[in-house]
Amino acid sequence: MKTSITTSATRAPDRSRHWHEAIASAYFPLDLRFREADRFSGDLTTWQFGDVSISRLTCDALQYLRLPHHFRAARDEEFLVTVPANAEVFFSQGGREMTCRPGGFFLERSSEPYQFSHSEAADMWVLKVEAEALGGRMRAPDRFCTLQFEADNGAGGLFTDMLHLLPARFDGMTQEARTTVGRQLVDLLVLAIKADDRVLTSGNSTVRSAHLARVETYVRAHLQDFRLDPERIARACGISTRYLHELFRDTGDTVRNWIRTQRLSACSEALADPGNVQTAAEIAYSWGFSDQTQFSRAFKSHFGLPPGEYRARAFEARADG
């Protein structure tokens, strides 16, 4: 699905309301502060790639506020990844603030108040991704919401290149292809973030963070192995099982629960993939669940629906879109 919204055909007195509605529809509700509301000009185009969206936003100077009253009707937590193209933007959240220049990108978290502004006319690319999808690929992504990441080289360059390229290819893609490349774009985002040295130093200890990052990488690469357990993980990563449990205790989780969450997330993506012809049982088995009853119970507890109904609703949502 592709949508385009502009203020060019909107009466001057209605532009503020019109842009409030456009922003809430594309992202989530925000309070907007205009320099000149009646003369404000903005254009917003959004492309849907499965569960993620890419948008290009060009508009006059503006301030965006995510405030406590917005959370009363809050949806599931989401992250926005903003890539400014021609003007600096200011962002503050959780008592921290930063300025992001063209050539960088940064994350915004929907579940906490924030302030976002640009004092000049801006051209920005924005990726919207569900927190669960991002958190399923990296630990505690909210840690990075006031850091600027490089958008013009390495993995960050690949991420932004793909962000700019995909909309031009949108019309020639099937729904299945859009879903697949949307996931690949999120994978590139995570790769770009993890390539930054600050990722390892954002926890309590550089050494402990490095160990945990290595453990998480190993687990994600071996989720399909039925034999995956704390002892095997610790041995592969060169640490003791006791120390492994301590690392996860610092995160407020357990090793086994984190593994199960990663497997459930992988299964949910497979179930929602229109190109995957495996049965729910086959998908569960391929991601390390040997007990189907246990899998169904865990899946429903985590996602609120049994696997079959989850798949049916995902397909219905795509058909409606």
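1. The largest cavity has a volume of about 110 Å³, where a cavity is a set of points on a 1 Å grid over the protein atoms alone at which a 1.4 Å probe fits but cannot get out, and the volume is the space filled by probe spheres set on points joined across faces, edges and corners. The structure holds one cavity of 30 Å³ or more.

2. This is a predicted model, in which local features need pLDDT of at least 70 and side-chain atom pairs count only at pLDDT 80 or more, while totals for chains, interfaces and linings use all residues. Residues are numbered from 1 along each chain as its sequence is written, and side-chain values use heavy atoms, with hydrogens and water left out.

3. The lining of the largest cavity includes Tyr27, Tyr64, Glu108 and Phe116, a lining residue being one with an atom within 4 Å of a point. Its residues divide into ten nonpolar, one polar and one charged.

4. Helix α3 (residues 154-169) packs against helix α4 (residues 175-194) at an angle of about 155 degrees, with the axes 8 Å apart; axes are lines fitted to C-alpha atoms over the stretch in contact, and angles run from 0 to 180 degrees between N-to-C directions. The two helices are therefore roughly antiparallel to each other, a term for angles over 145 degrees.

Notes:
Helices (H or I, at least four residues) and strands (E, at least two) are DSSP runs, numbered from the N terminus. Angles under 35 degrees count as roughly parallel, over 145 as roughly antiparallel, 65 to 115 as roughly perpendicular and the rest as oblique. On a 1 Å grid over the protein atoms alone, a cavity is a set of points where a 1.4 Å probe fits but cannot get out, and a pocket is an open set with protein on both sides within 12 Å along at least five of seven lines; lining residues have an atom within 4 Å of a point. Ala, Val, Leu, Ile, Met, Phe, Trp, Tyr, Cys and Pro count as nonpolar, Asp, Glu, Lys and Arg as charged, and the others, Gly among them, as polar.
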